[in-house]
Amino acid sequence: MRRRLLILGSTGSIGTQTIEVVEHLNRLHESGDIPMGFEVVGLAAGRNAALLKEQAERLGVRDIALADGNGASFAPDTRVRRGANAAETLVREVGCDLVLAAMVGVAGLPATLAAVELGRDIALANKETLVAAGGLVVPAAKRSGSKILPVDSEHAAVWQCLAGDRRADGDDPTGPGSWSAPPLTVGPSVRRVTLTASGGPFRTWSRERIENATPREALKHPTWSMGPKVTIDSASLMNKALEILEAHWLFGIPGERISAVIHPQSIVHSLVEFADGSSIAQLGAPDMRCPIQVALSYPHRWPGVCRPLDLAMLSGLEFEAPDLQRFPALGLAYDVIARGGNAGAVFNAANEAAVAAFLAGDRGVNFGRISGLVRDALAAVEPGPINSLDDVRAADALARAAVARLIG
(Lines give C-alpha, C1' and ligand atoms only; values in the text may rest on other atoms or scores of the structure.)
Protein backbone atom coordinates (compact mmCIF):
# COMPACT_ATOMS: atom_id res chain seq x y z
CA MET A 1 0.00 0.00 0.00
CA ARG A 2 1.22 3.49 -0.85
CA ARG A 3 -0.18 6.80 0.34
CA ARG A 4 0.29 9.49 -2.32
CA LEU A 5 1.60 12.73 -0.80
CA LEU A 6 1.85 16.21 -2.27
CA ILE A 7 4.03 18.69 -0.35
CA LEU A 8 3.33 22.43 -0.57
CA GLY A 9 6.34 24.35 0.75
CA SER A 10 8.78 21.47 0.36
CA THR A 11 11.95 23.58 0.67
CA GLY A 12 10.98 25.25 3.96
CA SER A 13 11.58 24.01 7.49
CA ILE A 14 8.39 21.92 7.72
CA GLY A 15 8.74 20.67 4.15
CA THR A 16 12.27 19.37 4.60
CA GLN A 17 11.36 17.72 7.91
CA THR A 18 8.34 16.11 6.25
CA ILE A 19 10.66 14.52 3.71
CA GLU A 20 12.76 13.16 6.59
CA VAL A 21 9.63 11.61 8.09
CA VAL A 22 8.58 10.14 4.73
CA GLU A 23 11.99 8.56 4.23
CA HIS A 24 11.88 7.15 7.77
CA LEU A 25 8.42 5.63 7.25
CA ASN A 26 9.39 4.22 3.87
CA ARG A 27 12.38 2.46 5.45
CA LEU A 28 10.00 0.90 7.98
CA HIS A 29 7.66 -0.14 5.18
CA GLU A 30 10.45 -1.68 3.10
CA SER A 31 11.61 -3.69 6.12
CA GLY A 32 8.05 -4.96 6.69
CA ASP A 33 7.56 -3.12 10.01
CA ILE A 34 4.56 -1.07 8.84
CA PRO A 35 1.95 -1.89 6.19
CA MET A 36 2.03 1.38 4.28
CA GLY A 37 4.63 3.46 2.46
CA PHE A 38 4.52 6.93 0.92
CA GLU A 39 4.94 8.12 -2.64
CA VAL A 40 5.63 11.83 -3.01
CA VAL A 41 3.77 12.76 -6.19
CA GLY A 42 4.21 16.54 -6.17
CA LEU A 43 6.41 19.27 -4.69
CA ALA A 44 5.79 23.02 -4.55
CA ALA A 45 8.24 25.73 -3.49
CA GLY A 46 8.57 29.49 -3.53
CA ARG A 47 11.95 30.42 -4.95
CA ASN A 48 14.51 27.84 -3.82
CA ALA A 49 14.80 26.15 -7.21
CA ALA A 50 18.10 24.43 -6.41
CA LEU A 51 16.74 22.58 -3.39
CA LEU A 52 13.45 21.82 -5.17
CA LYS A 53 15.39 20.23 -8.02
CA GLU A 54 17.46 18.13 -5.59
CA GLN A 55 14.32 16.98 -3.76
CA ALA A 56 12.53 16.06 -6.99
CA GLU A 57 15.47 14.02 -8.23
CA ARG A 58 16.01 12.27 -4.89
CA LEU A 59 12.34 11.35 -4.50
CA GLY A 60 11.64 10.63 -8.15
CA VAL A 61 8.98 13.37 -8.39
CA ARG A 62 7.96 14.48 -11.88
CA ASP A 63 5.32 17.10 -10.99
CA ILE A 64 6.52 20.29 -9.32
CA ALA A 65 5.57 23.94 -8.88
CA LEU A 66 7.79 26.98 -8.44
CA ALA A 67 6.30 30.38 -7.65
CA ASP A 68 9.40 32.46 -8.41
CA GLY A 69 12.22 31.03 -10.51
CA ASN A 70 11.70 31.41 -14.24
CA GLY A 71 15.37 30.81 -15.01
CA ALA A 72 15.62 27.51 -13.15
CA SER A 73 16.04 24.31 -15.17
CA PHE A 74 14.89 20.80 -14.29
CA ALA A 75 15.13 17.31 -15.73
CA PRO A 76 13.52 17.04 -19.19
CA ASP A 77 10.75 14.70 -18.00
CA THR A 78 9.76 17.00 -15.10
CA ARG A 79 6.44 18.81 -15.48
CA VAL A 80 7.04 22.28 -14.01
CA ARG A 81 4.30 24.79 -13.15
CA ARG A 82 5.58 28.32 -12.64
CA GLY A 83 4.19 31.56 -11.26
CA ALA A 84 1.99 32.77 -8.43
CA ASN A 85 -0.73 30.17 -9.12
CA ALA A 86 1.65 27.26 -9.67
CA ALA A 87 0.90 25.49 -6.38
CA GLU A 88 -2.86 25.65 -6.90
CA THR A 89 -2.45 24.30 -10.45
CA LEU A 90 -0.32 21.44 -9.10
CA VAL A 91 -3.02 20.53 -6.57
CA ARG A 92 -5.74 20.53 -9.23
CA GLU A 93 -3.74 18.51 -11.77
CA VAL A 94 -1.99 15.87 -9.66
CA GLY A 95 -4.03 13.21 -7.88
CA CYS A 96 -3.05 12.43 -4.29
CA ASP A 97 -4.38 11.12 -0.99
CA LEU A 98 -2.85 13.73 1.31
CA VAL A 99 -1.57 17.30 0.92
CA LEU A 100 1.04 18.61 3.35
CA ALA A 101 0.31 22.36 3.42
CA ALA A 102 3.40 24.20 4.68
CA MET A 103 3.64 27.31 2.50
CA VAL A 104 4.28 30.34 4.71
CA GLY A 105 1.59 32.99 5.04
CA VAL A 106 -1.62 33.61 3.16
CA ALA A 107 0.12 32.71 -0.13
CA GLY A 108 -0.65 29.06 0.61
CA LEU A 109 -4.40 29.63 0.93
CA PRO A 110 -5.57 29.14 -2.69
CA ALA A 111 -3.78 25.82 -3.09
CA THR A 112 -4.94 24.54 0.29
CA LEU A 113 -8.53 25.59 -0.33
CA ALA A 114 -8.42 23.87 -3.73
CA ALA A 115 -7.25 20.65 -2.06
CA VAL A 116 -10.08 20.89 0.49
CA GLU A 117 -12.67 21.43 -2.22
CA LEU A 118 -11.35 18.37 -4.04
CA GLY A 119 -11.81 16.30 -0.88
CA ARG A 120 -8.09 15.74 -0.27
CA ASP A 121 -6.99 15.24 3.31
CA ILE A 122 -4.77 18.09 4.52
CA ALA A 123 -1.83 17.87 6.91
CA LEU A 124 -2.00 21.52 7.86
CA ALA A 125 1.13 23.38 8.93
CA ASN A 126 -0.03 26.69 7.47
CA LYS A 127 -2.07 28.26 10.27
CA GLU A 128 -2.76 31.37 8.19
CA THR A 129 -5.15 29.31 6.06
CA LEU A 130 -7.63 29.03 8.92
CA VAL A 131 -6.84 32.41 10.48
CA ALA A 132 -7.63 34.27 7.26
CA ALA A 133 -10.27 32.00 5.78
CA GLY A 134 -11.57 29.56 8.38
CA GLY A 135 -15.09 30.58 7.41
CA LEU A 136 -14.44 29.25 3.90
CA VAL A 137 -12.16 26.31 4.59
CA VAL A 138 -14.07 24.59 7.41
CA PRO A 139 -17.48 24.53 5.66
CA ALA A 140 -15.76 23.36 2.46
CA ALA A 141 -14.07 20.53 4.38
CA LYS A 142 -17.37 19.42 5.87
CA ARG A 143 -18.97 19.40 2.42
CA SER A 144 -16.15 17.49 0.71
CA GLY A 145 -15.21 15.16 3.56
CA SER A 146 -11.67 16.53 3.68
CA LYS A 147 -9.91 15.90 6.99
CA ILE A 148 -7.70 18.71 8.33
CA LEU A 149 -4.91 17.01 10.26
CA PRO A 150 -3.04 19.60 12.36
CA VAL A 151 0.75 19.72 12.12
CA ASP A 152 1.31 22.63 14.50
CA SER A 153 2.62 20.92 17.63
CA GLU A 154 0.00 22.59 19.86
CA HIS A 155 -2.98 21.62 17.72
CA ALA A 156 -1.65 18.14 17.10
CA ALA A 157 -1.44 17.88 20.90
CA VAL A 158 -5.03 19.06 21.42
CA TRP A 159 -6.20 16.59 18.79
CA GLN A 160 -4.44 13.72 20.56
CA CYS A 161 -5.81 14.81 23.94
CA LEU A 162 -9.35 14.86 22.56
CA ALA A 163 -8.78 11.30 21.33
CA GLY A 164 -8.60 10.32 25.00
CA ASP A 165 -12.26 11.19 25.49
CA ARG A 166 -14.68 9.59 23.05
CA ARG A 167 -17.36 12.16 23.92
CA ALA A 168 -15.17 15.12 22.93
CA ASP A 169 -16.30 15.14 19.31
CA GLY A 170 -19.85 16.44 19.28
CA ASP A 171 -20.24 15.66 15.55
CA ASP A 172 -19.06 12.07 15.47
CA PRO A 173 -19.32 10.15 18.76
CA THR A 174 -18.45 6.82 17.16
CA GLY A 175 -17.76 4.98 20.36
CA PRO A 176 -14.78 3.89 22.47
CA GLY A 177 -11.42 4.08 20.77
CA SER A 178 -12.58 6.45 18.06
CA TRP A 179 -10.16 9.09 16.87
CA SER A 180 -11.96 11.58 14.69
CA ALA A 181 -10.05 14.10 12.60
CA PRO A 182 -10.74 17.85 12.50
CA PRO A 183 -12.67 19.89 11.72
CA LEU A 184 -14.54 18.95 14.88
CA THR A 185 -17.06 20.55 17.18
CA VAL A 186 -16.11 19.68 20.75
CA GLY A 187 -18.99 18.94 23.02
CA PRO A 188 -19.77 20.07 26.58
CA SER A 189 -17.41 17.47 28.03
CA VAL A 190 -14.54 19.85 27.15
CA ARG A 191 -14.27 22.81 29.49
CA ARG A 192 -11.09 24.42 28.18
CA VAL A 193 -8.26 23.99 25.69
CA THR A 194 -4.89 25.39 26.79
CA LEU A 195 -2.10 25.95 24.29
CA THR A 196 1.46 26.20 25.60
CA ALA A 197 3.99 28.79 24.44
CA SER A 198 7.73 28.74 24.98
CA GLY A 199 7.76 32.47 25.64
CA GLY A 200 10.37 32.96 22.93
CA PRO A 201 13.70 34.72 23.38
CA PHE A 202 12.19 37.68 25.28
CA ARG A 203 10.32 35.80 27.99
CA THR A 204 12.30 37.42 30.81
CA TRP A 205 13.01 40.77 29.13
CA SER A 206 11.59 44.08 30.30
CA ARG A 207 8.93 45.80 28.22
CA GLU A 208 11.33 48.56 27.16
CA ARG A 209 14.00 46.09 26.10
CA ILE A 210 11.45 44.07 24.10
CA GLU A 211 10.24 47.23 22.35
CA ASN A 212 13.72 47.85 20.94
CA ALA A 213 14.82 44.30 20.16
CA THR A 214 16.70 43.83 16.90
CA PRO A 215 15.82 41.28 14.19
CA ARG A 216 18.94 39.33 15.10
CA GLU A 217 17.81 39.06 18.74
CA ALA A 218 14.24 38.16 17.78
CA LEU A 219 15.41 35.35 15.49
CA LYS A 220 17.24 33.52 18.31
CA HIS A 221 14.50 31.15 19.44
CA PRO A 222 15.57 29.14 22.51
CA THR A 223 13.70 25.92 21.68
CA TRP A 224 12.40 25.52 18.13
CA SER A 225 14.04 25.72 14.72
CA MET A 226 11.65 27.57 12.39
CA GLY A 227 11.61 29.94 9.46
CA PRO A 228 12.16 33.68 10.07
CA LYS A 229 8.53 34.83 9.93
CA VAL A 230 7.29 32.16 12.34
CA THR A 231 10.26 32.83 14.65
CA ILE A 232 9.43 36.55 14.84
CA ASP A 233 5.78 35.68 15.55
CA SER A 234 6.92 33.39 18.35
CA ALA A 235 9.05 36.14 19.87
CA SER A 236 6.06 38.52 20.00
CA LEU A 237 3.57 35.76 20.96
CA MET A 238 1.70 36.69 17.78
CA ASN A 239 2.20 33.05 16.85
CA LYS A 240 0.13 32.04 19.85
CA ALA A 241 -2.60 34.50 18.89
CA LEU A 242 -2.70 32.92 15.43
CA GLU A 243 -2.86 29.48 17.06
CA ILE A 244 -5.81 30.49 19.25
CA LEU A 245 -7.66 31.41 16.08
CA GLU A 246 -6.61 28.15 14.43
CA ALA A 247 -7.85 26.16 17.43
CA HIS A 248 -11.17 28.01 17.26
CA TRP A 249 -11.71 26.75 13.70
CA LEU A 250 -10.19 23.26 14.01
CA PHE A 251 -12.11 22.26 17.12
CA GLY A 252 -15.23 24.43 16.88
CA ILE A 253 -14.58 25.98 20.27
CA PRO A 254 -15.34 29.59 21.28
CA GLY A 255 -12.56 31.97 22.29
CA GLU A 256 -13.54 32.07 25.95
CA ARG A 257 -12.72 28.34 26.20
CA ILE A 258 -9.22 28.69 24.72
CA SER A 259 -6.28 29.93 26.77
CA ALA A 260 -2.49 30.04 26.60
CA VAL A 261 0.21 29.43 29.18
CA ILE A 262 3.98 30.04 29.04
CA HIS A 263 5.98 26.83 29.29
CA PRO A 264 9.64 27.51 28.37
CA GLN A 265 10.75 23.86 28.21
CA SER A 266 8.31 23.08 25.33
CA ILE A 267 7.68 19.55 26.63
CA VAL A 268 3.95 19.86 27.33
CA HIS A 269 2.51 20.92 24.00
CA SER A 270 -1.13 21.48 25.02
CA LEU A 271 -3.72 20.45 27.57
CA VAL A 272 -7.45 19.76 27.45
CA GLU A 273 -9.48 20.27 30.62
CA PHE A 274 -12.71 18.30 30.86
CA ALA A 275 -15.97 19.15 32.58
CA ASP A 276 -15.26 16.82 35.50
CA GLY A 277 -12.10 18.76 36.37
CA SER A 278 -9.59 16.26 34.94
CA SER A 279 -7.05 17.29 32.32
CA ILE A 280 -5.18 15.40 29.62
CA ALA A 281 -1.85 16.75 28.38
CA GLN A 282 0.34 15.69 25.47
CA LEU A 283 4.09 15.60 26.10
CA GLY A 284 6.96 15.14 23.70
CA ALA A 285 10.38 16.37 22.70
CA PRO A 286 10.39 19.76 20.93
CA ASP A 287 10.79 18.21 17.49
CA MET A 288 8.40 19.11 14.66
CA ARG A 289 8.90 15.70 13.06
CA CYS A 290 6.71 14.23 15.82
CA PRO A 291 3.46 16.06 14.92
CA ILE A 292 4.30 15.72 11.22
CA GLN A 293 4.39 11.94 11.62
CA VAL A 294 1.14 11.94 13.62
CA ALA A 295 -0.60 13.67 10.72
CA LEU A 296 0.99 11.56 7.97
CA SER A 297 0.34 8.23 9.67
CA TYR A 298 -3.22 8.97 10.93
CA PRO A 299 -5.12 6.94 12.05
CA HIS A 300 -2.15 4.68 12.86
CA ARG A 301 0.69 4.90 15.38
CA TRP A 302 4.01 3.76 13.93
CA PRO A 303 7.58 3.77 15.31
CA GLY A 304 8.73 7.38 15.41
CA VAL A 305 11.64 9.21 13.88
CA CYS A 306 11.93 11.39 17.01
CA ARG A 307 13.79 10.49 20.16
CA PRO A 308 11.42 9.33 22.93
CA LEU A 309 10.84 11.50 25.96
CA ASP A 310 12.89 10.51 29.02
CA LEU A 311 10.77 11.50 32.01
CA ALA A 312 13.66 10.77 34.39
CA MET A 313 15.57 13.62 32.78
CA LEU A 314 12.74 16.12 33.34
CA SER A 315 12.61 18.22 36.44
CA GLY A 316 11.33 21.66 37.26
CA LEU A 317 8.89 22.12 34.38
CA GLU A 318 7.70 25.72 34.50
CA PHE A 319 4.31 27.24 33.72
CA GLU A 320 3.33 30.89 34.01
CA ALA A 321 0.57 33.17 32.83
CA PRO A 322 1.45 35.33 29.81
CA ASP A 323 2.10 39.03 30.49
CA LEU A 324 -0.20 40.95 28.15
CA GLN A 325 1.55 44.22 28.96
CA ARG A 326 4.82 42.95 27.51
CA PHE A 327 3.17 40.76 24.87
CA PRO A 328 -0.05 42.53 23.78
CA ALA A 329 -0.37 40.49 20.57
CA LEU A 330 -1.92 37.58 22.43
CA GLY A 331 -5.00 39.52 23.49
CA LEU A 332 -5.81 40.49 19.89
CA ALA A 333 -6.88 36.94 19.05
CA TYR A 334 -9.99 37.17 21.20
CA ASP A 335 -11.00 40.47 19.57
CA VAL A 336 -10.69 38.83 16.15
CA ILE A 337 -12.85 35.84 17.15
CA ALA A 338 -15.50 38.17 18.59
CA ARG A 339 -15.51 40.35 15.47
CA GLY A 340 -15.63 37.46 12.97
CA GLY A 341 -16.07 38.08 9.25
CA ASN A 342 -12.97 39.52 7.62
CA ALA A 343 -11.16 40.22 10.90
CA GLY A 344 -8.97 37.12 10.64
CA ALA A 345 -7.83 38.03 7.13
CA VAL A 346 -7.06 41.59 8.24
CA PHE A 347 -5.24 40.37 11.34
CA ASN A 348 -3.08 37.94 9.40
CA ALA A 349 -2.21 40.31 6.56
CA ALA A 350 -1.40 43.21 8.88
CA ASN A 351 0.94 40.98 10.87
CA GLU A 352 2.68 39.69 7.72
CA ALA A 353 3.20 43.26 6.53
CA ALA A 354 4.45 44.49 9.91
CA VAL A 355 6.86 41.57 10.35
CA ALA A 356 8.20 42.06 6.82
CA ALA A 357 8.85 45.75 7.56
CA PHE A 358 10.61 44.87 10.82
CA LEU A 359 12.83 42.24 9.18
CA ALA A 360 13.63 44.65 6.34
CA GLY A 361 14.98 47.13 8.87
CA ASP A 362 12.33 49.79 8.25
CA ARG A 363 13.26 52.58 10.63
CA GLY A 364 9.61 53.23 11.45
CA VAL A 365 9.01 49.70 12.74
CA ASN A 366 10.79 48.50 15.85
CA PHE A 367 9.87 45.16 17.35
CA GLY A 368 7.46 46.65 19.85
CA ARG A 369 5.45 48.33 17.11
CA ILE A 370 4.42 45.11 15.34
CA SER A 371 1.45 44.43 17.62
CA GLY A 372 0.36 48.07 17.53
CA LEU A 373 0.33 48.09 13.74
CA VAL A 374 -1.85 44.98 13.69
CA ARG A 375 -4.25 46.46 16.25
CA ASP A 376 -4.51 49.74 14.35
CA ALA A 377 -5.05 47.98 11.02
CA LEU A 378 -7.94 46.04 12.56
CA ALA A 379 -9.47 49.35 13.62
CA ALA A 380 -8.87 50.95 10.22
CA VAL A 381 -10.47 48.28 8.00
CA GLU A 382 -14.26 48.14 7.84
CA PRO A 383 -15.75 44.85 9.08
CA GLY A 384 -17.19 42.69 6.34
CA PRO A 385 -18.16 39.11 5.53
CA ILE A 386 -15.98 36.39 4.02
CA ASN A 387 -18.02 34.59 1.38
CA SER A 388 -15.32 33.90 -1.19
CA LEU A 389 -11.59 33.86 -1.80
CA ASP A 390 -11.97 37.30 -3.38
CA ASP A 391 -13.28 38.62 -0.04
CA VAL A 392 -10.16 37.27 1.67
CA ARG A 393 -7.93 38.91 -0.93
CA ALA A 394 -9.75 42.23 -0.60
CA ALA A 395 -9.41 42.24 3.20
CA ASP A 396 -5.76 41.24 2.86
CA ALA A 397 -5.05 44.15 0.50
CA LEU A 398 -6.86 46.66 2.71
CA ALA A 399 -4.88 45.51 5.75
CA ARG A 400 -1.54 45.79 3.97
CA ALA A 401 -2.44 49.25 2.70
CA ALA A 402 -3.42 50.30 6.22
CA VAL A 403 -0.08 49.12 7.60
CA ALA A 404 1.77 51.00 4.86
CA ARG A 405 -0.11 54.20 5.75
CA LEU A 406 0.54 53.72 9.45
CA ILE A 407 4.24 53.23 8.86
CA GLY A 408 4.29 56.27 6.61
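Ala 115 touches Val 91, Val 99, Arg 120 and Ile 122, leaving out residues up to four places away in sequence; contact means heavy atoms within 4.5 Å. This is a predicted model, in which local features need pLDDT of at least 70, side-chain atom pairs count only at pLDDT 80 or more, and totals for chains, interfaces and linings use all residues. Residues are numbered from 1 along each chain as its sequence is written, and side-chain values use heavy atoms, with hydrogens and water left out.

**Ala 115**
- Ala 115 lies in helix α4 (residues 109-117); helices are DSSP runs of H or I with at least four residues, and strands are runs of E with at least two, numbered from the N terminus.
- Ala 115 counts as buried because its relative accessibility is 0%, where buried means under 20% relative accessible area (1.4 Å probe, protein chains only).
- Between the C-alpha atoms of Ala 115 and Cys 96, 19 residues apart along the chain, there are 9.5 Å.

**Helix α1**
- Helix α1 (residues 13-30) has 18 residues and reaches 26 Å from first C-alpha to last, close to the expected 26 Å, which is 1.5 Å times one less than the number of residues.
- Its buried residues include Ile 14, Thr 18, Val 21, Val 22 and Leu 25.
- Among the elements covering the buried residues of α1 are β1 (2-8), β2 (37-45) and α11 (289-297).

**Leu 296**
- Leu 296 is in contact with residues including Thr 18, Val 21 and Val 22, its neighbours within four places in sequence left aside.

Technical notes. Buried means under 20% relative accessible area, exposed over 50%, partly exposed in between (1.4 Å probe, protein chains only).
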